Amino acid sequence: MNISIHVDAEISDTEIRISCNHLTPEIERVLATLRILDKQIMAKKEEETYLLEVARVIYIESVDRRTYVYTAEDVYESSLKLYELEAQLEEYGFFRASKSCLIQLKYIRSLKADLDRRIRVTLVNGEQVMVSRQYAEGLKKKLGVK
């Protein structure tokens, strides 16, 4: 793989160009990473609204009809429903773990098989999330795990 960077003070907007003979999983990951850099979602904390970079979101959970967004530093509340966030964030590396939870795949530290074909996921912040058996096979496929 060759990487070249051209710096020109006359250029007003950054352009990234990838040339390849076919799209590989590695290139798809690079593209997903580039897309996630600009994506933001709105969420509230203590009556203040924040624009959160999607790259900082570890997981999103729905509890008692409220949607919570977890970063390494804080917990925020989103006005969007979980299925709405799922539709917006699927291409940014988020995965439906259960009826009430979305996780960002890059923040998974470890996986452990649990009872009844479920998977216990430990995230980088130490939180543990259960992936229901309905979504367990999809997670294994996404991660390339058997």
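Trainee: What should I know about the model and its numbering before we begin?

Mentor: This is a predicted model in which local features need pLDDT of at least 70 and side-chain atom pairs count only at pLDDT 80 or more, while totals for chains, interfaces and linings use all residues. Residues are numbered from 1 along each chain as its sequence is written, and side-chain values use heavy atoms, with hydrogens and water left out.

Trainee: How many helices and strands are there, and what makes a stretch count as one?

Mentor: The protein chain has three helices and ten strands, where helices (H or I, at least four residues) and strands (E, at least two) are DSSP runs, numbered from the N terminus. Read from the N terminus on, the elements run α-β-β-β-β-β-α-β-β-β-β-β-α.

Trainee: What makes the contact between Arg56 and Glu73 a salt bridge?

Mentor: A salt bridge requires a side-chain nitrogen of Lys or Arg within 4 Å of a carboxyl oxygen of Asp or Glu, and the N to O distance for Arg56 and Glu73 is 2.8 Å, so the pair qualifies. Arg56 lies in the loop between strand 2 (48-53) and strand 3, and Glu73 in the loop between strand 4 (66-71) and strand 5 (75-78), so the pair ties together parts that are 17 residues apart in sequence. A search of the whole structure finds nine salt bridges.

Trainee: Which residues are linked in a network of salt bridges, and how do you know that each link qualifies?

Mentor: Asp114, Arg118 and Arg120 are linked in this way. By relative accessibility, Arg118 at 34% counts as partly exposed, as do Asp114 at 21% and Arg120 at 26%.

Trainee: Why are strand 8 and strand 10 called edge strands?

Mentor: Three strands form an open sheet in the order 8-9-10, with antiparallel pairing, and strand 8 (108-113) and strand 10 each pair on one side only. Two strands pair if DSSP finds at least two bridges between them, and strand 9 and strand 10 have four bridges, so they count as paired. Val121 stands opposite Val129 in strand 10.

Trainee: What makes a group of residues a nonpolar core, and which members of the largest one touch the most others?

Mentor: A nonpolar core is a set of buried Ala, Val, Leu, Ile, Met, Phe, Trp, Tyr and Cys residues joined through side-chain atoms within 4.5 Å. In the largest, which has 17 residues, Tyr59, Ile103, Val121, Leu123 and Leu139 touch the most other members. Strand 9 gives the most to this core, with three residues.

Trainee: Which residues is Ile103 in contact with?

Mentor: Contact means heavy atoms within 4.5 Å, and, leaving aside neighbours within four places in sequence, the contacts of Ile103 include Tyr59, Phe94, Val121, Leu123 and Val129.

Conventions
Buried < 20%, exposed > 50% of the residue type's maximum accessible area, 1.4 Å probe, protein only.
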